[in-house]
Amino acid sequence: MVQNGEFAIIDRFFTHETFGAWRSKGVGDDCAIIDTGAGRLSVTCDMMAVGTHFLPSANPEDVGYKALAVNLSDLAASGAVPRAFFLAIGLPERNDAWLSGFTEGMMALAQQAGCALLGGDTTRTAKVGDVHAPITIAITAMGDLPLQMGLTRGGAREGDDVWVSGDVGGAYAALMHRQGQWTLPAEDFPAAALRMDRPEPRNALGTALLSVATACADISDGLSQDLGHILDRSGVAAQIVWDAVPAHHALRHLPRSRQLEAALSGGDDYELIFTAPADKRGLVEQAAISSLTKVTRIGRIVKKEDDSERLVVYTSEGERLRLAANGFDHFA
Ligand code: ADP
Ligand code: MG
């Protein structure tokens, strides 16, 4: 596993041998896949704080939508059908206008996904001096899987293709634009902003890939980092062809270094990155059609050599590209 900040903390403090009746493959996948005896559950928990995950100016409906969407996206990465979620929320003060917007955005997506709010907890966030901790939201979401089925980050094999859904880099480009660091053309910004504010969890695709993909993750921290988790858990390496990567169209006028940064290292796209055997290309295409979701083949899984890098990016001309940063890490 990558030993940068966030994952070093998880590795050192929160990775334990599982025990008890409900076993899973343990910490390290997007969801824990659990056999309860009565059936198979997929469970995830993602936390978001205004100020860290949302700009303080974010529209409350977008905050509510996205807080649930990122959890549904983890369920998609496991191939599960979303069924229920629990909401824990910490608020500095009661603000009914904000809460109405938040609930509206969250529940519209919940209805659409058939995923019901079954419980949670509500508290006031701590005040230190005159300063309240920001609004903090933690959602635990659950879905179900057919017995014996479920995608993890651990099954990629040498010779598999690497695929990605939708397009990547739009959410990060919108963030850079909003922070005044990059300038996107006025006609491209709204589409990129939609990728940042309203990511579409790929649950239909995840389910359709259940008997096709060998490994799957969703892209929350950047394509290279989330593919890196698949490579680490599977003990393999990958070669990616940059020209094949479906970069969001808002990136097209940016210099290549920024396109690479947004598409490969930028996070928040919530697309699926997955691997499948080369003889299942037709089945991957069928899964894409049945779920009405675009998929693109961007590279292949190779054997991991001791001294070589696990993820190498080439252009179609064979030029090797360097990645600036590895992806998002809360404690880097
Ligand atoms: P995701 O981006 O899908 O939320 P991450 O790659 O950030 O997943 O997390 C890696 C793994 O670490 C996941 O299996 C997650 O459940 C686990 N994890 C993260 N934080 C904790 C924690 N505080 N306690 C136990 N497990 C954790
Ligand atoms: Mg995830």
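In the predicted model, L292 is exposed, because its relative accessible area of 79% lies over the 50% cut-off for that class. This residue is found in the loop between α9 (281-290) and β12 (295-302), and its phi is near 55°, a positive value in a residue other than glycine. A positive phi is likewise found at Q148, a residue other than glycine, where the angle is near 70°. Q148 belongs to the loop between β7 (136-145) and β8 (161-165) and is exposed, with a relative accessible area of 74%.

With regard to domains, the chain is divided into domain 1, covering residues 6-145, and domain 2, covering residues 161-321. The centres of domain 1 and domain 2, taken over C-alpha atoms, are separated by 23 Å, and the contact draws 26 residues from domain 1 and 23 residues from domain 2.

The magnesium ion (ligand 2) is coordinated at 2.0 Å by the OD atoms of D30, D74 and D218, and the spacing of these donor residues in sequence is D-x43-D-x143-D. Since D30 lies in the loop between α1 (5-13) and β1 (32-35), whereas D74 lies in helix α2, the pair ties together parts that are 44 residues apart in sequence. Both of these residues fall under the 20% limit for burial: D30 counts as buried at 9% relative accessibility, and D74 is buried with a relative accessible area of 6%.

Turning to helix packing, helix α4 (residues 170-178) and helix α5 (residues 189-197) pack at an angle of about 110°, with their axes 7 Å apart. This angle makes α4 roughly perpendicular to α5, because it falls within the range of 65 to 115 degrees assigned to that class. On the side of α4 the contact is made by G170, A171, A174, L175, H177 and R178, and on the side of α5 by F189, A192, A193, R195, M196 and D197. By residue class, the contact of α4 with α5 comprises seven nonpolar, two polar and three charged residues.

The buried residues of α5 are F189, A192, A193, R195, M196 and D197, and these residues pack against α2 (60-78) as well as against α4.

How values were computed: Residues numbered from 1 in each chain as written. Chains lettered and ligands numbered in written order. Predicted model: local features only at pLDDT ≥ 70, side-chain atom pairs only at ≥ 80, totals over all residues. Heavy atoms only, no water. Axes fitted to C-alpha atoms, helices over the stretch in contact; angles between N-to-C directions. Helix = DSSP H or I, 4+ residues; strand = E, 2+ residues; numbered from the N terminus. Parallel < 35°, antiparallel > 145°, perpendicular 65-115°, else oblique. Contact = heavy atoms within 4.5 Å. Nonpolar A, V, L, I, M, F, W, Y, C, P; charged D, E, K, R; others polar. Buried < 20%, exposed > 50% of the residue type's maximum accessible area, 1.4 Å probe, protein only. Donors = N, O, S within 2.8 Å, 3.2 Å for Na, K, Ca; no water. Domains from an automatic or database assignment.
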